[in-house]
Structures are given as structure tokens and as C-alpha cells.
2 protein chains.
Amino acid sequence: MSEVCDKVTEGDINSAARLIRDIEDDIPGVKDILKELYPFTGNAYVIGITGAPGVGKSTLVDAMLSHLRREGKTVGVLAVDPTSPFSGGAILGDRIRMRRHALDDGVFIRSLATRGQFGGLARAARGAIDVLDAMGKDYIIVETVGVGQDEVDIAQIAQTTVVVVVPRLGDGIQAMKAGILEVGDIFLINKADNEHADRALNDLKSMLGMNQHERCADRWRPPVLKAQAAADIGVVEFMAEIEAHGQYLRRTSDGPCYRRSKESVRHDLLEMVKYQLIEDMTRRLENTGNLDRMVDLIAQGKTDPFTACEEIVLNYRAIAKSQ
Amino acid sequence: MSEVCDKVTEGDINSAARLIRDIEDDIPGVKDILKELYPFTGNAYVIGITGAPGVGKSTLVDAMLSHLRREGKTVGVLAVDPTSPFSGGAILGDRIRMRRHALDDGVFIRSLATRGQFGGLARAARGAIDVLDAMGKDYIIVETVGVGQDEVDIAQIAQTTVVVVVPRLGDGIQAMKAGILEVGDIFLINKADNEHADRALNDLKSMLGMNQHERCADRWRPPVLKAQAAADIGVVEFMAEIEAHGQYLRRTSDGPCYRRSKESVRHDLLEMVKYQLIEDMTRRLENTGNLDRMVDLIAQGKTDPFTACEEIVLNYRAIAKSQ
């Protein structure tokens, strides 16, 4: 076993932190270390916390940390900041997040500022989760900003996905629009101390009800809860629902644990293959100058992007063939 | 020229609507029609409107429509609803959007409920824009919900990308967090009738200032505007900024128009190639049963996902070779 693997499985913070950065930067040797770590993963319970900016996700995670630490559980937190394609980094880092747990040895907080596209975020998040998992954390909380594909990807990684809304934002139609109904295992209405909270609760419940006709009778029915995370109100009830969802998964999973269910493994593997293939193809395309040649032809009106695309894919296969 | 192509370029609404659905569903013959349409595209001015749910994007688009129609311009609107991977469709459709322009012949409104992932949204949006473009629309407005990769993709399609925020949501740190500073050509603070508007304006301006040191002196400096779209306040000034940005692009582009610039063609082509390759690989993987075999091996602990991934990519090349 390599030294890095050794240290990470012993829970060494510096090694884990360095490895997570390496995963993010996708440096070549990282895959071999992840291979080595793989047998040590699959034990942590992964919770995804998602919702629009301003709904109080970080405050909620902070309250969850306090709760889990009181129960003696160790926790890894992964704060996924959205891709910033130009500056290539998160502006807010670990510094201002969850300050009060920063000196607690049982808590390990990292933020991920994923670069690139095409599944890069999910890939890096998956790797970082494996690291926290191999460190022996009991729980891993993945906090993510954004509306759209990111949620879906994280829903596929986490055992339990929590969608956080606030009354003002989370009125019926908006939540629908964002298409987040389908990814939430638990819905939490945060900052529920104003007059809109009950309306939001009823709206969400009725929408989830509408959604139920597509589900089988024995499927998990996502509960809708109210909380004020900043005042630690409703957090105990919320944690109990996460526990209940975990029990449901253990009861219904076809693998030794949910993250090792065939469905989950299949999804992860396919994502990994896609990423790998795109990377390989893009690198070769840059090296051969084939892309630039096609761009010139299109710009000169000598071909169209659709024909050019077909040629490039055929060419890639030819390269693969000769290699 | 095919009949579909004929009809679309003549502006036939039914043919265009059907073609857009076909693009979304990615049915096989669609690529040939897009090839035919290609020479008729590149003339429309594409404006992207993006921002979190609840900031009033649809209201703004409605106000823009009124403005552009008063000037005699024809407009296509594409409302991109986020992926809903489970139900596979937008819940809100064209019906409740921009009702007041529904009977105007110079306006064509479509919503896109993109399925699939891995660039599927951008691919479908790009195709639908080509259709509206080939119909002869002067302007195409693409409205998109979401924070993250979607914005970036749309920023690459549109000539001018507008980021809409509201004072309550759009305070400094949150906007930073979402990484949208880099994709906006114009920032609009909507619902600017409350006390937070000026603070939001100053916050945004100072953040954009911070961002400027990475830009060259002759680069476009994104303006920050205030508006109340619902009351038609600030819309004229906003449209003037879009016009100014368009002039800037025409001055600085290396192609006959911005959408035909080499940078833009290169990006579009690469996205198309990635999509094509992934689709081809996934189909073959399903057909050979290779994926299921690997999943079984991983579930049995006989291999790990990283090794399995390498084997699959090598196998794909072998298939490509034998074909």
C-alpha cells in the first residue's frame, strides 16, 4: 500500500487535503491512489444538501454538525462551489464556512471549486467523497449550490438528498420550474419563521402528492419539514428523517449498502467512462490540429458543423485503431 | 431542399415547432435537416437571459418583446426549463408564459424541456436557436433557469448574456458564490423598487471592478443596470446596452458575425463531437452487455471502478477498430 493511501486511511488530514486537491486538478497519478483506496470506501453515509443561494445551507450543515458530533459521529463536509470557468476557483473557501467546527478533530471540512465541464464536478465530488469515506468518517455531508444538472448528479452520489428552500423563494411554481421535486428525498423549508412558511409547506406537499401517481406504493414518500437552522429549531426532527430514509434504503437496496447497489455502481462507472473518453478524444484532437482545420473549413463556408462532427468522430476511431 | 427546410425558412410555425421537438428528442433524421438549414442561420441576434428562479426573467422577456415589436423586429423566444430526469419534461409550458404576445405573428415562443445530460441541454438549445434563426427572426431570446454549468453553456451560445438578479437574492457574496460574474455581459437588478437595490448595485459594481484586473483595457466592461420590468421601468436603457454590446462584438469579432467567429464555431463543434462520441459509446456499451458485466464484477469485489473504466475505454476502441 502506498504511503498516501496509508495515511488517508489512518485519517491524516494533510494527506487527505492534498489528495482532494489532486483529484480536483485531475493529476495523472491520482487514479492509482483512488484504486487503492476503493476497498476502504462504502462505509460512510452520504447526505447531499442542495438549494439556491441564500436558503441557509451552510447554517443548516453547521447545525447538523453539532447534532452529529453530540452523538459522537465523525463527519466530513464537502462544499461544492459551482464551476467558475474563467477564474477557475471558488472565491469563498473553507475559511468562512462553519467556523465553529474548524478546530474539532472529528470534523473535516473541504471546499471543491471544480474546473472544467462535462461531468467534471460530479467526478471530483465522487473522488473527494471516496477520500473522506476512506478516512473513516461516519457521515459525509455534500453541500451544493445551483439549480439543474448539478443537483441530479449529486442526487446520484448521496444516499439521502435534501432540498432546502425558503418560504419566499420556494413557492409552488418556482420549485416546479427548477425540476427539483424529483431529486429530493427530504424537503426542508428553512427560515420558517414567517407567514409564508405554511403556504410553502402546503404547496410543496400538494406538488409532491401530484408527483406520487408515478411512484409505486412502497416507494419512499419524501417528507416536507419546517426548520429554523440558525436557531436550531427543527434540526432533531430533520436528522430523524435522514435516519429513517437510511433505514428505508438498507431495507430496499440490492447491494451490501446503497452506495454499492448495482444501480449506483452502474451510474458511477458510466460517468467515469464518459469522462475518460472525452478527455482522451479532446487531447488527441488538440494534438493533431484536426479541430482547427475543421473550424477553418466551417468559417470559410466549405463545410458545416454537422458534417465536420461526423468526420472528426470517424477520425478519432481511426486514431484509436492505429494505436 | 427538403420540404421541412423549405417551410422553416419560409417561417412556417408548425414545421418549426415540430422540428424543435424532434431536435429535443434527438431523432435520427434531424441532423440532416439541421445541415440543410445551416446556410440560412447566423443572422439573428441571440440574447441570453439567466438568473435564479423568482428574479422575474419571464416578465423581463415580456417587456423586451413589447419593446422589440414596437421597433418592428421579429422575435423568437426559447425558454429552457431545467432537466427533469425522472418525468422528462417541463411542467410549465408555453401556455402561461408571455401570454400577451401569444397571438402576435412576429413572436414565436417555445419552451425546451431537455432530457438527458452531458451537454444535451446546450445541444438542443443550439439546434432550436438555429431553427428560429433560419425562420428569419431578427432577435432570439433564450431564457434559462439555473446557477452553474447551464449559464456557461448559454453564455457560449448567446451574443449577449444578461444576468438578472433581485436585490434580496443578489447581494454580493451570493452572486460571487454562483460564479456568474464571468458569464454576464450585462447585469440587471430587477424589482429595484426597494431599499436593497442601491446596495446590490454598489456590491455588484465593486465586484465587477475587482474582476477587471484580469481583463484587457479594450474589453467590454459589463454595465450594471436597475429596472422594474413589471412596470416597464428601465427597459429602454437596458435594450440600449444590449445594442451597445452588439456593436462592440461586431467591432471586435474575427468572423462575419459573432456567432460565426472562430472561437464560437470551435466551441460549438467540440461540444457536438463530445455529444456524438458519448452517444455512440453508450449505445455500443448497452448493446454488448459489457457495462452490466463490469458492474457485476465490481459488485462482487473482483475489480474496482477505475480498472473497469480503463478496460471499457480500451474495449470501445477495439469495437471502433473492428467496425
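I call a residue buried if 20 or more other C-beta atoms lie within 10 Å of its own, exposed if 12 or fewer, and partly exposed in between, with C-beta atoms placed from the backbone. By that rule, buried residues make up 49% of the 323 residues in chain A.

**Ground rules.** This is a predicted model, where local features need pLDDT of at least 70, side-chain atom pairs count only at pLDDT 80 or more, and totals for chains, interfaces and linings use all residues. Residues are numbered from 1 along each chain as its sequence is written, while chains are lettered from A and ligands numbered from 1 in the order in which they are written.

**Chain A overview.** I looked up the secondary structure and found twelve helices and seven strands in chain A; these are DSSP runs numbered from the N terminus (helices H or I, at least four residues; strands E, at least two). Next came contacts, meaning C-beta atoms, placed from the backbone, within 7 Å. Of the contacts in chain A with a separation of 6 or more, 74% join residues 24 or more positions apart.

**A:Val80.** I found A:Val80 in strand S2 (residues 75-81) of chain A. It counts as buried because it has 27 C-beta neighbours inside 10 Å. Its C-alpha atom is 7.1 Å from that of A:Val142, 62 residues away along the chain.

**Core.** A nonpolar core here is a set of buried Ala, Val, Leu, Ile, Met, Phe, Trp, Tyr and Cys residues joined through C-beta atoms within 7 Å. The largest one has 175 residues, and among those touching the most other members are A:Val142 and B:Leu78. Which residues does B:Leu78 contact, leaving aside its neighbours within four places in sequence? I noted B:Arg110, B:Leu112, B:Ala125, B:Ala128, B:Ile129, B:Leu132, B:Ile140 and B:Val142.

**Helix pair in chain B.** H2 (residues 13-25) and H5 (residues 120-134) of chain B pack at about 165 degrees, axes 9 Å apart. Axes are lines fitted to C-alpha atoms, for helices over the stretch in contact, and angles run from 0 to 180 degrees between N-to-C directions. H2(B) is therefore roughly antiparallel to H5(B) (over 145 degrees; under 35 is roughly parallel, 65 to 115 roughly perpendicular, the rest oblique). The contact involves B:Ala16, B:Leu19, B:Ile20, B:Ile23 and B:Glu24 of H2(B) with B:Ala124, B:Gly127, B:Ala128 and B:Val131 of H5(B).

**Across the chains.** Helix H11 (residues 290-299) of chain A meets helix H10 (residues 262-288) of chain B at about 120 degrees, with axes 9 Å apart, so H11(A) is oblique to H10(B).

Notes
Contact = placed C-beta atoms within 7 Å.
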